[in-house]
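Here is a short report for a reader new to this model. Please look over the sequence and structure first.

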Amino acid sequence: MSATESRPAEQFPEKHYLNADYGIRSWLLTTDHKRIALLYLVSVTFFFFIGGIFAGMIRLHLLTPKGALVSPEVYNRLFTMHGVAMIFFFLIPAIPAVLGNFFMPLMIGAKDLAFPKINLLSWYLYMIGGGLALFSFMSGGLDTGWTFYTPLSSVYSNSAVAPAVLGIFINGFSSILTGLNFLVTVHTMRAPGMTWFRLPMFVWANYATSIIMILGTPVVATTLALAGMERLFHLGFFNPQLGGDPVLFQHLFWFYSHPAVYIMILPAMGVISEIIPTFSRKPLFGYKVMAAASLAIAVIGFLVWAHHMFVAGQSTYAALAFSFLTMLVAVPSAIKTFNWTATMYRGSISFETPMIYAFGFLGLFLVGGLTGLFLGTLGVDIHVHDTYFIVAHFHYIMVGGAVMGYMGGLHYWWPKISGRMYPDTLARFSAVVLFIGFNLTFFPQFLMGYAGMPRRYHSYPPEFQVLNILSTAGATVLAVGYILPIIYLLWSLRYGPVAGRNPWPSTGLEWQTDSPPPTENFHVTPTVTWEAYDFENRPDLGLDKPLKTDDSGRGHD
Amino acid sequence: MQLQNSSILPEQASNFAGGVDALTLYILGTSLFFALLVVVLVVIFSLKYRRKKQTEIGVPVHGSVPLEIVWTLIPLVLAMVMFAWGAVIYMDFRRAPSDTLDVYVIGKQWMWKLQHTDGRREINELHVPVGRNVKLIMASEDVIHDFSIPNFRIKMDVVPGRYTTLWFRATKTGRYHFYCSQYCGTSHALMTGWVTVMEPAEYAAWLSGGAQDANPAGAGEKLFTQYSCNTCHLPTGKGRGPSLVGLYGSKVKLADGTTVQADDAYVRESILSPKAKIVAGYQPLMPSFQGLVTEEQVLSLTAYIKSLQAPAPASEAPAEAPHMGKK
């Protein structure tokens, strides 16, 4: 790292959260948010690879029009379990429960979250929920689609629906408790001087995400519980033969599951808002607008759910209202993209691994966000709904956006988490591999989708084969991009050069303490006297004063 | 349109296809503009402002209110154009014209059963004449399905417990794939078929050819007797249930004072959930036929009830003609 070479070499701290205590009990009974974050890191990575194996099998199967690998029954289980593992047990917890858990207290100068024991309870609930989902996968599998549409899931499916639904129900409480913990922490535990408008954007993003978790998750938990009761006890909620309404299920399900997309993408946006100012050495452009845009996405995001149902038989006027609101929620996302771009203007830009991931995020989020316009527009949705177009779109958002953000964040904060640097050249190479592999996998799916290939098909007409082969080829490249970081990050734990407190350097409080931090986070409670991303007034970072004075931008925000 | 022959846009074969594709191209153009704008700016900034000295920092630009306003309003306006344009197509898509040729469609795991009004039945095949408005009236026997015709650029879910409709006017003869687009269980991917769009004369020949299937109204009449509907629903109106003669298409007064249009959905509901809407002057005596009759039988009964037109032959045509003339 060139930035670290120019600074005096720092020693690895003698005592830190990783060696504060030893033994399995010290991990399983820990209330240290940093250790709990690592418990989550290991468990979400496990579910990511479970989901990834399913994805790999799906792509292999689709190499030939008739299906190359498995029977229809197995194929339907593969894509269902891929979705359940990835969405409920990887994407939703990934950034908040790993990076948020570890860094929110550090970023606001707190010793821990407000409720450390509840934080541990959240992880146990997650593990119980995940265990039930795995039990469902192994005892007959799950073939309802991750959306659990009734009456298929509640009456007709011959798979292990009940344990999966119970697992997601229990996992929901993990989300709710994490959200609650975050909200209380941000409100009550900020260090002296850490005012609301000095909060790093990642904190704002997790704050907005927590609101969604608390308000939305109870609804999906209840909905899935109702579907489970209909299946087990034949209570008629959604089955029309028992007087229920199948479309009601979709309303309730998407009331949470659409905002859930924002649970995945908002924290990723927060990560990007940390990375771009750090590697441009400049304040985030339009700080207050960015904070407001996060909250606007969280709020408007609650009012767009029925855009999943434009062809589901809901009323024409409901569809008009939901399309209108969907187009509105596109605006704050556009604003964010422009502000990130403007942040680079007249910066001092360097290209370490986190920045490469941020570029990857920008590119993929652009495609994902803009293709959302096609789906939010009623006249186009009637054609592309439930085709591979939508599969491509949400993978661009949830993998291209959320996972690139997660990987960027992991690389950005890895020196703080582990106290060590990873090999930057290899890491940049693997970020590029990930970007290329991702596009090769999912871009052809837009073309297949517009040409009409429906999603969730175990076999398909031969005219779609060329695009499917491209997509499968891309998936193998993508897999390399995911496996490489596991190898070099583990390698760095032992062999990586010592990172020091603030290797990039960055302005946030989390970089003021040791790497890895002590159990109590800070030896002395910090006092904040600077604005977020304020490189100009931070002589302690050892950087120059700005070369050129600027008289056009100051004071406009 | 030249583009439709390229691999990007599939063949256009219905009244909706051109409009959907034009809107798609508008959104695509707008998206490409903004995507390129951001990418070009990122590349320019990366080259121009790359770090030249290790301890250098950027110029502390904090933001710009005019810029924020510009890049809020421009996307907002462009998105509203997309919304409005899409809404126009959608309203057309959801409101079938009145002169349609109706085809009943029943989705069940894992096949499509279709029936033309004159009784010709098909499985996983749909024959329609070119240039004629066609309306699919769709029901499901089990889970949610979706009838999707990519070359027509349309689809609609087929939901158990209700009717949904899908209308189109095929503009080009040929054979076009249709798919079940809503995941419906094990053999979802096999629930596909072909729409054959024919010249009207060819279609007429096709309709009269082949084995003559039972006419749905005839089948409905048999069911009407078999389920003893005829014992209460006397044509005189003196039975325990209201007369069904001339019912279809009329306005029905209900016991709670409201009126309802007697359409397919009303007839279906009255058979399966008779207590949902009680006709004024009658007691809620009718048992539910939920689980006793299939969706197909409901369609036959509806066809029979439709055929029971009021015996007033002179009322329609002569009364209409002078009226029209005055306008």
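## A helix pair in chain A

Helices α10(A) and α11(A) are roughly antiparallel to each other, because angles over 145 degrees count as such. Helix α10 covers residues 287-300 of chain A, and helix α11 covers residues 316-344 of chain A. They pack at an angle of about 155°, and their axes are 9 Å apart. Axes are lines fitted to C-alpha atoms, for helices over the stretch in contact; angles run from 0 to 180 degrees between N-to-C directions. Helices are DSSP runs (H or I, at least four residues), numbered from the N terminus.

The crossing of α10(A) with α11(A) is left-handed (the near helix is turned anticlockwise from the far one by less than a right angle). On α10(A), the contacting residues include A:V289, A:M290 and A:I300. Among their partners on α11(A) are A:L325, A:P332 and A:N339. By class, this contact has eleven nonpolar, two polar and one charged residues. Ala, Val, Leu, Ile, Met, Phe, Trp, Tyr, Cys and Pro count as nonpolar; Asp, Glu, Lys and Arg count as charged; the others, Gly among them, count as polar. Residues are in contact if their C-beta atoms, placed from the backbone, lie within 7 Å.

## How the model is read

This is a predicted model: local features need pLDDT of at least 70, side-chain atom pairs count only at pLDDT 80 or more, and totals for chains, interfaces and linings use all residues. Residues are numbered from 1 along each chain as its sequence is written, while chains are lettered from A and ligands numbered from 1 in the order in which they are written.

## Where the chains meet

The contact takes 86 residues from chain A and 77 residues from chain B. On the chain A side, α11(A) gives the most, with 15 residues. That side has 46 nonpolar, 27 polar and 13 charged residues.

## A residue after α16

A:V498 lies in the segment after α16 (465-495) of chain A. A:V498 is partly exposed, with 16 other C-beta atoms within 10 Å (20 or more would be buried, 12 or fewer exposed). A:V498 touches A:E10, A:F12, A:G419 and A:R420, leaving aside residues up to four places away in sequence.

## Domains of chain B

An automatic or database assignment sets the domain bounds. Chain B has domain 1 (3-49 + 62-94), domain 2 (101-208) and domain 3 (216-307). The centres of domain 1 and domain 2 of chain B, taken over C-alpha atoms, are 32 Å apart.

Technical notes: Helices (H or I, at least four residues) and strands (E, at least two) are DSSP runs, numbered from the N terminus. Angles under 35 degrees count as roughly parallel, over 145 as roughly antiparallel, 65 to 115 as roughly perpendicular and the rest as oblique. Two residues are in contact if their C-beta atoms, placed from the backbone, lie within 7 Å.
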